[in-house]
Amino acid sequence: MMLLLLSVVVLLVVGGCACVVWAARGGPPWTRAVARTTLAAGELVRASGRSGGNRGRGGDAD
């Protein structure tokens, strides 16, 4: 079951990346919508990774 879920997630990511490239080359309007969604999801993932502050770093921030 977990392998199936991971496979679906990987397929969605690959499809989204393909739409980003296709939209950048002037694809149809629906690819631009999928590309926008993919880029927004990527930004959310990046922001959630940064929300931990200095977690995992040794030493002071000074």
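The model is predicted. The protein chain holds two helices and zero strands. Of its 62 residues, 10% count as buried. A search of the whole structure finds one salt bridge and zero disulfides.

**Surface**
- The accessible surface of the protein chain is about 5,400 Å².
- Carbon and sulfur atoms account for 67% of that surface.

**Helix α1**
- Helix α1 runs over residues 2-24, which makes 23 residues.
- At 1.5 Å a residue, α1 should span 33 Å.
- The buried residues of α1 are Gly16, Cys19 and Ala23.
- These buried residues pack against α2.
- Gly26 follows α1. The phi of Gly26 is positive, near 90°.

- Helix α2 covers residues 29-50.
- Side chains of opposite charge can pair when their charged atoms come close.
- In this model the side chains of Arg46 and Glu43 meet in a salt bridge, with an N to O distance of 3.3 Å. The cut-off for such a pair is 4 Å.
- How far apart are Arg46 and Glu43 along helix α2? They are three residues apart, so about one helical turn separates them.
- An α-helix has 3.6 residues a turn, so residues three or four places apart point the same way.
- Arg46 counts as partly exposed, at 49% relative accessibility.
- Glu43 also counts as partly exposed, at 45% relative accessibility.

**Cysteines**
- A disulfide is a covalent bond between the sulfur atoms of two cysteines.
- A disulfide needs the two sulfur atoms within 2.5 Å.
- Cys17 is partly exposed, with a relative accessible area of 43%.
- Cys19 is buried, with a relative accessible area of 9%. Buried here means under 20%.
- Cys19 is also one of the α1 residues listed as buried, and the buried residues of α1 pack against α2.

Terms used. Residues numbered from 1 in each chain as written. Predicted model: local features only at pLDDT ≥ 70, side-chain atom pairs only at ≥ 80, totals over all residues. Heavy atoms only, no water. Helix = DSSP H or I, 4+ residues; strand = E, 2+ residues; numbered from the N terminus. Buried < 20%, exposed > 50% of the residue type's maximum accessible area, 1.4 Å probe, protein only. Areas by Shrake-Rupley, 256 points an atom, 1.4 Å probe, with all protein chains shown as cover. Expected span 1.5 Å × (residues − 1). Contact = heavy atoms within 4.5 Å.
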